[in-house]
Amino acid sequence: AEKKTFTREFVAVQWRPDDRIYLFVVRPVNVQKPPVAIYLYGYPSDTDRYMDDGWCERTTSGGYAALGFVPALTGHRYHDRPMKQWFVSELQESLSKSAHDVQMVLNYLTERGDMDMSKVGMFGAGAGGTIAVMAASVDSRIKAVDLLDPWGDWPVWMQKSEVIPDDQRAAYLKPEFLKKVADFDPIKLLPQLKTPHIRLNQLNDDLSSTPEEAKNKLEEALPVTAEHRRFESSMAFYGQVASGGRVFDWLKLQIKAADPKVREASKETAAGARGESGK
């Protein structure tokens, strides 16, 4: 699709049997080798967002490329499985495959050669945020991660998250299940993260997905250089910092070409965020 301000490509990519991924590559017009951000919205989600012209305009405004796909066992990637096997029951598979997908997508972009791979960021929401932390922990090409209410703190999350049906909860609280996913917990990974720029936004009305105790643990696990803000509600979040594509501005600023003015603006933004943060 060729629009006035962007072009959108639909690419089917595959590196595992029976797991074709629909990848959306959106580039700004008249920009040679733009910086690039990967967007991952977690479970449950599908690709409709990436086909929305408004989303494409907002993510590419200012001269940035945007990449989007859905995690493993989600949307079109959920097939040929018994219904009892789903994203959380197979959480080790869902997260590890998806984090590997991020690396393979970056490899694909490197081979294309039409984007600036020294300026890469990732936005992740929900399980997509968890996957962003995992990918950044093993791939230094990711220079900035922007997290919106990631899942984490598995013992508490499995016990209290309403994502899990009550009749299945006991299976996910067993020590053998928790042991399998322990290494994929942002609580463990965040303190070790070397990514230069990290931001965590949390919404107080998202407690049904990620309970308060888990939110607190995620906040405590952040590196000292990370930015963090709490918002009373989704409405407050979108009204204050996210509407009209502003939610993407922070990530864009972090991966922008390194000139002194941009660096100063980034420092001022970080200072302001720290000053306004809190529950």
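Welcome to a predicted model, in which local features need pLDDT of at least 70 and side-chain atom pairs count only at pLDDT 80 or more, while totals for chains, interfaces and linings use all residues. Residues are numbered from 1 along each chain as its sequence is written, and side-chain values use heavy atoms, with hydrogens and water left out.

**The sheet**

- Eight strands are the place to start: an open sheet of 8 strands runs in the order β1-β2-β4-β3-β5-β6-β7-β8, with mixed pairing.
- Because β1 (6-13) and β8 (227-231) each have a single partner strand, they stand at the edges, and one side of each is left without a neighbour in the sheet.
- From one strand to the next, the twist averages 15°.
- Helices (H or I, at least four residues) and strands (E, at least two) are DSSP runs, numbered from the N terminus, and two strands pair if DSSP finds at least two bridges between them.

- β5 (residues 120-125) pairs with β6 (residues 142-148) in the parallel sense over 6 bridges, and A125 stands opposite L148 in β6.
- β6 also pairs with β7 in the parallel sense, over 5 bridges; here A144 stands opposite H197 in β7.
- β7 and β8 are parallel too, with 5 bridges, and L203 has F231 in β8 as its bridge partner.
- Of the 7 residues in β7, 6 are buried (under 20% relative accessible area, with exposed over 50% and partly exposed in between; 1.4 Å probe, protein chains only).

**Helices on the sheet**

- Helix α8 (residues 212-221) lies across β7 (197-203) and β8, at about 160° to β7.
- Angles like this one run from 0 to 180 degrees between N-to-C directions, with axes fitted as lines to C-alpha atoms, for helices over the stretch in contact.
- Together, β7, α8 and β8 make a right-handed β-α-β unit; right-handed means that, with the strands pointing away from the viewer, the path from the first strand over the helix to the second runs clockwise.

- You will find T74 in the loop between β4 (65-68) and α2 (91-112).
- T74 counts as buried because its relative accessibility is 1%.
- Its contacts (heavy atoms within 4.5 Å) are G42, Y43, P44, S45 and F87, not counting residues up to four places away in sequence.
- The T74 side chain also reaches the backbone oxygen of A72 at 3.1 Å.

Technical notes:
Polar contact = N/O pair within 3.5 Å; in protein donor to acceptor, adjacent residues only side chain to side chain.
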